[in-house]
Amino acid sequence: MIRGCSVFLLAAGLLALGAPASAEICTIDDVPAATLLLPYFEVAMDEPDGITTIFSINNASATAVVAHVTLWTDQSIPTLDFDVYLTGYDVQTINLRDIFMFGRLPVTADDGADPGDTANPNDGISNQGSLSQDINFPGSTGPCVAPYNNPVLDNFRLTNLQYAHIGVEAPAYGGCLAAEHGHDWIERGYVTVDVVTQCNLLFPSSPGYFSSGIADTRNVLWGDYFYVVPFEDFAQGETLVHIESCPTPSVGVPPDPDCPFAPGEYTFYGRYAAVAGQDQREPLSTTFASRYLNGGAFTGGTDLIVWRDSKTIPTGINGPYNCALQGSRPAWFPLNQTDVVAFDEQENPEDLCFTGDVVSPPIGGAQTCFPLEAQRVHLEGGNLIGADPTPSADFGWMYINLNHTLSPAAGSDPFPGVAQNWVTTMMSAEGRFSVGFDAIKLDTACNPTNVSFIP
């Protein structure tokens, strides 16, 4: 009798997960969301045991969903997209080395494309748990997610993908798409993951991705990521950035006062194809506070993982460019900042990035410390792109205001003086141990507080 009651309570508790936890829009917290952001990745191509980036996509609901994954360069130009089918409460782990080195994509399949699970749900490609849904997605019109035949990318496509993310000529994409970091053969960029209503081969920047109802608004995805260096037995990790949407109001549930986003309001994907709030994703923050340790036990110092919004569309003057032309780059590059100040442990301030203006690209007299849309910046110097934001003191904290205004030459700026960003802090001890955590968010682009300490 007690055992039966326990089993019933366990099942009831798990079924309650079918209604994922919710939180307030514009707070950016770790709750199930409609979009996940991996703010920066690295994959070493010349060292089989070198750094790679691994991330997971998890389904917080009992209902089967499709997650649409997009890879972007560090100059925010999309290169590859694919679908991942998730049964209820499913999880899919993706090692980006599998994609960049071998052209392999995660193998998943909805019910109609997965005949192996007919007799036993655990024998299929995408297993179905006892509390999970497994369907033909979407609806009953037939299977939409078939397993990829790996490797998906032939040599031509794989080579161009590799070239695109290391900043050299990628003919299939029309030129250069990323910054060149001294020919170190490390793939760099960032990843977005969206819950969608149907399988598709569109980028979030493509016309119709939001306006035709492909992007879903259900907040059901969650995940994490790790930087792993096998030859050093070393890893760092954090949760993915969870970006909630304004979902369709449910019967009996009070509406969020910040939802829905009206046309003209700042949203996460709002820059693409003039979607005017159609993505309904909350924007990120604009200013941050972070501790730094460049000594003591943390002999490896502090790195900042910084993702930024150029507020441009990745086409034309901000799309692929001719690598052979000296000085050729996206029209917004480099991204400027409003203020970066270090405070030592005696509260003494130090401006780290001199700013003559807050325009991107700078008109003149500015040091851009976080010039790309996705980057790792070492606080002890030695960064190849941009100025080094190196504090004089070994210990303290940093105020980081990354708001900027887009130059008219780079495109129209719908939000002058405001820009969403993300900052994650990584502290290490030369491959022995590390800690990683998101920087403190001092505001949100929903309600920015553009404060500067510049005298």
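Which residue in β17 does Tyr292 stand opposite? The views below, drawn from a predicted model, begin with the whole protein and then turn to this strand.

**Figure 1. Overview of the predicted protein model.** The secondary structure comprises 3 helices and 21 strands. The protein has 455 residues, of which 53% count as buried. Among contacts with a separation of 6 or more, 72% are between residues 24 or more positions apart.

**Figure 2. Strand β17, residues 395-401.** Of the 7 residues in strand β17, 5 are buried, so the strand is largely enclosed by the rest of the structure. A residue counts as buried when its relative accessible area is under 20%.

**Figure 3. Pairing of strands β11 and β17.** Strand β11 spans residues 287-293 and is joined to β17 by 7 bridges. The two strands run antiparallel. Within this pairing, Tyr292 stands opposite Gly396 in β17, which answers the opening question.

**Figure 4. Pairing of strands β13 and β17.** Strand β13, residues 339-344, is also antiparallel to β17, and 6 bridges join them. Here Val340 stands opposite Ile400 in β17.

**Figure 5. Confidence of the model and the segment at residues 1-18.** The mean pLDDT of the protein is 87, and 88% of its residues reach 70 or more. Over residues 1-18, however, pLDDT stays under 50. For this segment the model has 10 contacts beyond four places in sequence.

Technical notes: Residues are numbered from 1 along each chain as its sequence is written. This is a predicted model: local features need pLDDT of at least 70, side-chain atom pairs count only at pLDDT 80 or more; totals for chains, interfaces and linings use all residues. Side-chain values use heavy atoms; hydrogens and water are left out. Buried means under 20% relative accessible area, exposed over 50%, partly exposed in between (1.4 Å probe, protein chains only). Helices (H or I, at least four residues) and strands (E, at least two) are DSSP runs, numbered from the N terminus. Two strands pair if DSSP finds at least two bridges between them. Contact means heavy atoms within 4.5 Å. pLDDT is the predictor's confidence in each residue, from 0 to 100.
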